[in-house]
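Trainee: I'd like to learn how to read strands and helices in a model. Could we go through one together?

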Amino acid sequence: MNTEKLLEVQDLKKHFLPEKKFLEDPSPPVRAVDGISFTLHKGETLGLVGESGCGKTTAARTLLRLIEATSGQVSFCGTDLFNLKEAEMRTIRKEMQIIFQDPYSSVNPGRRIGHILQEPFEIHGFRNKRENAEKANQLLEQVGLAPDYFNRYPHELSGGQLQRVGIARALACRPTILLCDEATSALDPQTTQSVLKLLGDINKELGL
């Protein structure tokens with residue numbers, strides 16, 4: 001195993017305070033994530049396992065600071081993510097991309113697949129439309145989708161096909177780490193197998 005540490009998580013906690021009702025004593029906090037620690041090395045695949053509702057999604061979103069942690073420390077390549085300003089964190093997110101659980105709710109249903117795949121380039125300042133379209137087509141090929149998917153809408157794709165689009169979008173900015181938030185739980189067993197194989201191939205090819 002490669003000994004280079006990419007991500008170090010120490011005693012990560014995220015507690016939610018329930019809404020206080022009038023004339024009632026405050027309820028205790030909901031301890032969604034309550035002190036997890038792990039280290040991810042370069043090229044390694046790490047699984048966070050637990051029953052539904054145990055805080056896996058909250059942990060992933062907290063790592064990326066899509067929601068703020070209650071306490072703990074997250075270090076990416078030696079940089080403490082919780083001490084970064086928002087603009088600095090946006091730059092880091094290019095290196096740490098997430099694939100969401102529900103492929104349908106994670107895309108804009110009114111935009112064509114080609115436009116969805118070009119959004120990451122536009123967000124990060126790449127304005128050449130022709131080059132962005134070429135890169136989007138390359139991403140489709142990388143995840144096993146034909147070029148004609150470029151002009152389709154999300155509702156024209158199956159769940160497995162749309163999850164491949166989600167993977168392609170996550171790969172757009174050449175990240176170092178992919179966070180998969182139960183990326184196959186909404187798929188049937190056969191599709192799950194093909195998507196897991198794709199992720200394994202990407203892991204070997206790109207060293208993610």
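Trainee: Which residue in β3 does leucine 7 stand opposite?

Mentor: Strands of a sheet pair through backbone hydrogen bonds, either parallel or antiparallel. In this predicted model, leucine 7 stands opposite phenylalanine 76 in β3. Strand β1 (residues 5-16) pairs with β3 in the antiparallel sense, over five bridges. Two strands count as paired if DSSP finds at least two bridges between them. Strands are DSSP runs of E with at least two residues, helices are runs of H or I with at least four, and both are numbered from the N terminus.

Trainee: What is the order of the strands in the open sheet?

Mentor: The four strands run β2-β1-β3-β4, with antiparallel pairing. At the edges stand β2 (30-41) and β4 (79-80), each with a single partner strand, so one side of each has no neighbour in the sheet. Helix α1 (residues 56-63) packs on the sheet and touches β1, β2 and β3, where contact means heavy atoms within 4.5 Å.

Trainee: How confident is the prediction, and where is confidence lowest and highest?

Mentor: Look at pLDDT, the predictor's confidence in each residue, from 0 to 100. The protein chain has a mean of 90, and 98% of its residues reach 70 or more. Confidence is lowest in helix α2 (residues 86-93), at a mean of 88, and highest in strand β3 (residues 71-76), at 96.

Mentor: Two notes on method. Residues are numbered from 1 along each chain as its sequence is written, and side-chain values use heavy atoms, leaving out hydrogens and water. Local features need pLDDT of at least 70, side-chain atom pairs count only at pLDDT 80 or more, and totals for chains, interfaces and linings use all residues.

How values were computed
Axes are lines fitted to C-alpha atoms, for helices over the stretch in contact, and angles run from 0 to 180 degrees between N-to-C directions.
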